[in-house]
Amino acid sequence: FAPGTFDAVIATNVLHATSDVVGALRRIAALLDGDGLLAINESIVRQDAVTLTFGLANGWWLARDIERRIPHSPLLAPSGWRDCLALAGFAAPRTYGEEFG
């Protein structure tokens, strides 16, 4: 994909499945045009049933940046997402729905 050519990127429960969240976010930032929008929908609470189910999948444990992740999970807490977005160059990220997890 050509850099700077996307108006919007929507990512639903996929970014946590990358080995390096900041790296993935930087690649997305490069795709967006100057006023582009990134909308992320991610789980932010570790749940044993989900870990048991998806933990059997090959990609669940690929994270190389485990210091950013919720312990025993590839997920990130809201503060972790805000930190990663800032490191990737996204200005003033807004989060919604933290109370729902």
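How many aromatic pairs does the count come to?

## Aromatic pairs

The count comes to three aromatic pairs, where rings of Phe, Tyr and Trp (its six-membered ring) pair if their centres lie within 6.5 Å. One of them, Phe54 with Trp60, is stacked, at 5.8 Å centre to centre and 25° between the planes. Trp60 also pairs with Trp61, edge-to-face, at 6.3 Å centre to centre and 90° between the planes. Planes under 30 degrees apart count as stacked, over 60 as edge-to-face and the rest as tilted.

Phe54, Trp60 and Trp61 form one aromatic cluster. Trp60 has 11% relative accessibility and so counts as buried; Phe54, at 46%, is partly exposed, and Trp61, at 47%, is partly exposed. Buried means under 20% relative accessible area, exposed over 50%, and partly exposed in between (1.4 Å probe, protein chains only).

## Basis of the values

This is a predicted model, in which local features need pLDDT of at least 70, side-chain atom pairs count only at pLDDT 80 or more, and totals for chains, interfaces and linings use all residues. Residues are numbered from 1 along each chain as its sequence is written, and side-chain values use heavy atoms, with hydrogens and water left out.

## Overall fold

The chain has three helices and two strands, in the sequence pattern β-α-β-α-α. Helices (H or I, at least four residues) and strands (E, at least two) are DSSP runs, numbered from the N terminus.

The C-alpha trace spans about 40 × 30 × 20 Å along its principal axes. Of the 101 residues in the chain, 33% are buried.
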